[in-house]
Amino acid sequence: MAEPDITLYFSPFSRGFTARWLLEEIGVPYRVETTDIRRGDHKREAYLRLNPMGKIPALTDGPVVVTECPAICLYLADCYAPGRLAPAIEDPRRGPYLRWMVFSTAVLEPSIYLDEPQDEAVARGRGWGTRAAVMASLEQALTPGPWLLGEMFSAADVMLGAVLSVALFTKRIPEPASFLTDYDARLSARPAYKRAAEATWGEA
Ligand SMILES: N[C@@H](CCC(=O)N[C@@H](CS)C(=O)NCC(=O)O)C(=O)O
């Protein structure tokens, strides 16, 4: 692996938090290119060449361009914290690790943010199922915890935890169960989480 040459395209008040938190957990050097969504920086041509979606974050590492938070997390953990924040390919924990990475934005996010009827007939045609099924899956994964992979804290906790933490803070999960709030408390006590949160929401 070449020397890191990482730039994070980051905006305050954005999902740039997730990538920044993981970079802080890893402890690898990185530059921050402030791409402020409040100024519309993310819709300028130079940025759209990196991410045609015009969404924050994006990350470059030398010639490598990665967008989408779970892809950024997978990339960083495999490159810079293998075995520490990403289970090795042959490790049986690799299966659940990949599952929770994908689950975070493909299943958990839509189940939280889309206001849809919560019945099996609707869920059958959706890729994300009902909120009750999503929460039951999470409860099973986090019991006994403390992390998604049991005793191993991983980049999947950063990715899925960031989605959960923001949803709890913005009260998108009504009456959250204690397994969720306890998990969130463990995540937000981490020094790397605190540094990234300060950089993201410190001006609020
Ligand atoms: N699926 C993307 C979502 C990224 C995203 O929605 N970012 C928001 C900030 S939290 C954004 O750039 N919003 C500005 C816009 O869409 O104009 C990911 O996981 O990276």
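Author: Helix axes are here lines fitted to C-alpha atoms over the stretch in contact, and the angle between two of them runs from 0 to 180 degrees between N-to-C directions. With that convention, and bearing in mind that this is a predicted model, H4 and H6 pack at an angle of about 145°, their axes lying 10 Å apart. The crossing of these two helices, H4 and H6, is left-handed. On the H4 side the contact is made by Arg 99, Trp 100, Phe 103, Val 107, Leu 108, Ser 111 and Ile 112. H6 contributes Arg 131, Val 134, Met 135, Ser 137, Leu 138 and Ala 141.

The charged end of Arg 99 sits over the ring of Trp 100, 4.1 Å from the ring centre. Leu 138, setting aside residues up to four places away in sequence, touches Trp 100, Phe 103 and Leu 108, and also Leu 160, Phe 179 and Leu 180.

The model has eight aromatic pairs. In one of them, the ring centres of Phe 17 and Trp 201 are 4.7 Å apart and the planes stand at 50°, so the pair is tilted. Because Phe 17 lies in helix H1 (residues 16-26) and Trp 201 in helix H9 (residues 191-201), this pair ties together parts that are 184 residues apart in sequence. Phe 17 has 2% relative accessibility and therefore counts as buried, whereas Trp 201, at 30%, counts as partly exposed. The rings of Trp 21 and Tyr 193 have centres 4.9 Å apart and planes at 80°, so that pair is edge-to-face. Trp 21 lies in H1 and Tyr 193 in H9, so the pair ties together parts that are 172 residues apart in sequence. Both Trp 21 and Tyr 193 are buried.

Finally, the charged end of Arg 20 sits over the ring of Phe 10, 4.5 Å from the centre of that ring.

Key
Residues numbered from 1 in each chain as written. Predicted model: local features only at pLDDT ≥ 70, side-chain atom pairs only at ≥ 80, totals over all residues. Heavy atoms only, no water. Phe/Tyr/Trp six-rings, centres within 6.5 Å; stacked < 30°, edge-to-face > 60°. Helix = DSSP H or I, 4+ residues; strand = E, 2+ residues; numbered from the N terminus. Buried < 20%, exposed > 50% of the residue type's maximum accessible area, 1.4 Å probe, protein only. Lys NZ or Arg CZ within 6 Å of the ring centre and 35° of its normal. Contact = heavy atoms within 4.5 Å. Left-handed = near helix turned anticlockwise from the far one by under 90°.
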